[in-house]
Amino acid sequence: MFYKQIILQKGIPFDVKIPSAKPVNMSQSSVEMLNAELEKGYADIQAGRTKSANRVFNDIRNDYKI
């Protein structure tokens, strides 16, 4: 989806700037919070909800005939 937006927008599809809010400091996250996020990613892998980079780029090329 990100790469499709780059093509549609002819550039990065968001402003590149330093946010006014303080960024999240991962060192202040609890071990439980970090583990929960890692488990979500692992569950996606196990469920097959992933695509290789080659497949993503091929999909973009096919969608936009490039």
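Modeller: Before we dig in, one term: a salt bridge here is a side-chain nitrogen of Lys or Arg within 4 Å of a carboxyl oxygen of Asp or Glu.

Colleague: Good, thanks. And what sort of model is this?

Modeller: This is a predicted model, where local features need pLDDT of at least 70, side-chain atom pairs count only at pLDDT 80 or more, and totals for chains, interfaces and linings use all residues. Residues are numbered from 1 along each chain as its sequence is written, and side-chain values use heavy atoms, with hydrogens and water left out.

Colleague: Which residue does Lys40 meet in a salt bridge?

Modeller: Glu37, at 3.0 Å from N to O. Lys40 and Glu37 both sit in helix α2, 3 residues apart, or about one turn of the helix. An α-helix has 3.6 residues a turn, so residues three or four places apart point the same way. Glu37 is partly exposed, at 48% relative accessible area.

Colleague: And what does Arg49 pair with?

Modeller: The side chain of Arg49 meets that of Asp44 in a salt bridge, 2.7 Å from N to O. Arg49 counts as exposed at 55% relative accessibility, whereas Asp44, at 30%, is partly exposed.

Colleague: Switching topic to the rings. How many aromatic pairs does the structure hold?

Modeller: It holds 3. Phe2 and Tyr3 have their ring centres 5.5 Å apart and their planes at 70 degrees, so they form an edge-to-face pair. Tyr3 also pairs with Phe57, and that pair is tilted, with 4.9 Å centre to centre and 45 degrees between the planes. For the rules, rings of Phe, Tyr and Trp (its six-membered ring) pair if their centres lie within 6.5 Å; planes under 30 degrees apart are stacked, over 60 edge-to-face and the rest tilted.

Colleague: Where in the chain do Tyr3 and Phe57 sit?

Modeller: Tyr3 is in helix α1 and Phe57 in helix α3, so to speak distant parts of the chain, 54 residues apart. Ring pairs link Phe2, Tyr3, Phe14 and Phe57 into a cluster.

Colleague: What do Phe2, Tyr3, Phe14 and Phe57 form on the surface?

Modeller: Together with Ile12 and Val16, they make up a nonpolar patch with about 610 Å² of accessible area. Patch residues have over 30% relative accessible area and no salt bridge; like charges are joined within 9 Å, and nonpolar side chains (Val, Leu, Ile, Met, Phe, Trp, Tyr) within 5 Å. The areas come from the Shrake-Rupley method with a 1.4 Å probe, and for residues only the protein chains shown count as cover.

Colleague: What comes just after α3?

Modeller: Lys65, which takes a positive phi of about 50 degrees there although it is not a glycine. Lys65 counts as exposed at 73% relative accessibility. Lys10 also has a positive phi, of about 55 degrees, without being a glycine. Lys10 lies in the loop between α1 and α2 and is exposed, with a relative accessible area of 78%.

Terms used
Helix = DSSP H or I, 4+ residues; strand = E, 2+ residues; numbered from the N terminus. Buried < 20%, exposed > 50% of the residue type's maximum accessible area, 1.4 Å probe, protein only.
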